[in-house]
Amino acid sequence: MKIILIGYMGSGKSVVGKGLSEELDLPFYDLDQEIVAREGLDIPSIFKEKGEIGFRKIEMQVLTELLERDESYVLSLGGGTPCYGNSMEVIKHTNDARSIYLKASLKTLLGRLWEEREFRPLIAHLDSQELLEDFLRKHLFERQFYYNQSDLVVEVNEKDVEEIIDQVKDLLHEHRAISSL
Ligand code: S3P
């Protein structure tokens, strides 16, 4: 099975994905890291050199290649991956893929992203907490349309990584049991 983690920047996709892959003894891929390895550039440099549109094209191509592999794994997407091109449709039509939305509240994201924003090209320019909050509120609202198309949803607010991993595993078991009925 391909387990695909979806969620806004700062929702914990990478750390949860890595931990989950270790517990399930599956390979782990982080889409951003795959893009960085392929391009030989970090994410801010790709945005700078190729623009966001260039980044989205590479992102879609790397995602498609990973989904076409005949392999089980855990894959953490970038926060914007499901919201561009037809990526959510492609994920939904991949038979052995199960998507999980790690759902974080605006408050949780604001607390995490303020300190880390300089590494994230979409929010690096927001130089007050008020501006960041306004941006996140609107952006999260727009993106939830895509995130909510995931097969499963796990709320991550105030939970530690282990708790989130356990919930993801439980939900995957239930989902598997229900879909085999
Ligand atoms: C983005 C999220 C980032 C990275 C890029 C764009 C987005 O990934 O793909 O900066 O559009 O939300 P993370 O969600 O892993 O930070």
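Which helix gives the most to the shell around the ligand? In this predicted model, local features need pLDDT of at least 70 and side-chain atom pairs count only at pLDDT 80 or more, while totals for chains, interfaces and linings use all residues. Residues are numbered from 1 along each chain as its sequence is written, and side-chain values use heavy atoms, with hydrogens and water left out.

**View 1. The shell around the ligand.** Helix α3 (residues 43-68) gives the most to this shell, with four residues; helices are DSSP runs of H or I of at least four residues, and strands are runs of E of at least two. Among the 14 residues around the ligand, K13, D32, R56, R120 and R143 come nearest, where near means that a heavy atom lies within 4 Å.

View 2. Polar side-chain atoms of R56 and of R143 each lie 2.6 Å from an oxygen atom of the ligand, and an N or O atom in the side chain of R120 is 2.4 Å from a ligand oxygen; a polar contact is a pair of N or O atoms within 3.5 Å.

**View 3. An aromatic pair.** The ring centres of Y101 and Y147 are 5.1 Å apart and the planes stand at 45°, so the pair is tilted (centres within 6.5 Å; under 30 degrees stacked, over 60 edge-to-face, the rest tilted). Y101 lies in strand β4 (residues 97-103) and Y147 in helix α6 (residues 129-147), 46 residues apart.

Notes. A polar contact is a pair of N or O atoms within 3.5 Å; within protein, one must be able to donate a hydrogen and the other to accept it, and residues adjacent in sequence count only if both atoms are side-chain atoms. Rings of Phe, Tyr and Trp (its six-membered ring) pair if their centres lie within 6.5 Å; planes under 30 degrees apart count as stacked, over 60 as edge-to-face and the rest as tilted.
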